[in-house]
Amino acid sequence: MPLSYNIFMLIDRLLSKITRSILERLNVNRGPLNLNSRRGAFHKCWGHVFTNHLHGDYVEFGVYRGDSLIESIEAFLEFKKWLLEEAVSPEQWRAKQAQSSPLNDKIMFHGLDTFQGIPANDEHNFTFSEGDFYAAKSVVENRLKKHFTNGITTHLYEGSFESTGVSLKKTLFNRKISIANIDCDLESSAMCALNIIEEFLQIGSIIMFDDYNAFSANNNKGERAAFSKFREKSRFVYEPYFPYQYVGQAFLTVEAKPD
Ligand SMILES: C[S@@+](CC[C@H](N)C(=O)[O-])C[C@H]1O[C@@H](n2cnc3c(N)ncnc32)[C@H](O)[C@@H]1O
């Protein structure tokens with residue numbers, strides 16, 4: 001091998017390494033994989049879904065103004081773009097994998113909220129008082145319209161989870177959930193949300209709890225208490241996935257309990 005060729009290859013490798021590192025820092029191609037933010041959490045979760053080609057819908061309990069719903073859709077679209085690029089890869093095995101991915105089938109985004117703020121409750125946390133986080137459904141609808149014009153299917157369900165759970169279940173019917181985002185703060189609300197989603201979970205489904213360590217991480221309060229009671233009677237086994245933001249924690253569904 002001539003020396004000039006080796007030098008050329010070395011420079012080429014060095015340049016790609018530098019380019020990759022710059023792009024990664026700018027979050028251009030690999031996304032915010034190492035960020036502890038909610039955006040980083042969505043990137044990791046959708047990364048898990050796309051790496052495993054796990055088909056399922058995204059369901060969010062507690063939408064408020066739609067920030068996390070929009071962030072989740074944005075992270076999803078980045079991976080969807082990656083899948084479409086893979087499908088035309090010159091490497092045939094890549095193209096074949098991408099073309100046969102279940103993720104080419106439609107994924108729907110569901111958001112549930114009173115759209116009247118936190119419901120009346122007796123959970124004694126002044127940061128989750130009745131009416132806090134008030135935002136009208138139209139605010140979220142308008143934001144979704146402004147952000148996405150490209151065939152994303154979203155369903156918003158207005159009312160308490162107790163009352164809208166039935167129509168969510170009807171829409172999901174025989175679909176599965178890949179990511180459930182429980183962002184409703186209260187134990188009673190989180191418990192209701194978990195009971196609604198259980199029949200749609202599958203091995204690999206992620207459950208994100210945005211306020212897992214709220215109530216000062218008290219085991220007997222909030223989303224923590226709801227999940228600890230729920231997992232005892234659930235037909236699945238769950239495993240901690242990663243913590244995020246200030247008080248969030250994600251879990252993975254890893255096993256079905258024997259009947
Ligand atoms: C912290 S906010 C959600 C924040 C939102 N995910 C974001 O990205 O900004 C909590 C939301 O949960 C909703 N919520 C709590 N309990 C509920 C229940 N039982 N039924 C319906 N909505 C509920 C509240 O109305 C509130 O909008």
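Reader: How many residues of the shell around the ligand are charged?
Author: Heads-up: this is a predicted model, where local features need pLDDT of at least 70, side-chain atom pairs count only at pLDDT 80 or more, and totals for chains, interfaces and linings use all residues. Numbering starts from 1 along each chain as its sequence is written. Asp, Glu, Lys and Arg count as charged, Ala, Val, Leu, Ile, Met, Phe, Trp, Tyr, Cys and Pro as nonpolar, and the others, Gly among them, as polar. Ten shell residues are nonpolar and six polar, and the charged ones number five.

Reader: Which elements give two or more residues to that shell?
Author: The ligand is surrounded by 21 residues (C-beta atom, placed from the backbone, within 6 Å), with Gly62, Tyr64, Asp67, Ser68 and Ser189 the closest. Going by DSSP runs (helices H or I, at least four residues; strands E, at least two; numbered from the N terminus), the elements giving two or more are α3 (67-86), β2 (108-113) and α7.

Reader: How many of the six residues of β4 are buried?
Author: Buried takes 20 or more other C-beta atoms, placed from the backbone, within 10 Å of a residue's own. β4 is largely enclosed by the rest of the structure, because the buried count is six of the six.

Reader: Which residue is the bridge partner of Ile182?
Author: Strands pair when DSSP finds at least two bridges between them. β4 (177-182) runs parallel to β1 over five bridges, with Glu60 partnered by Asn181. β4 also joins β5 (residues 206-209) in parallel through four bridges, and there the partner of Ile182 is Phe209.

Definitions and conventions
Two residues are in contact if their C-beta atoms, placed from the backbone, lie within 7 Å. A residue is buried if 20 or more other C-beta atoms lie within 10 Å of its own, exposed if 12 or fewer, and partly exposed in between; C-beta atoms are placed from the backbone.
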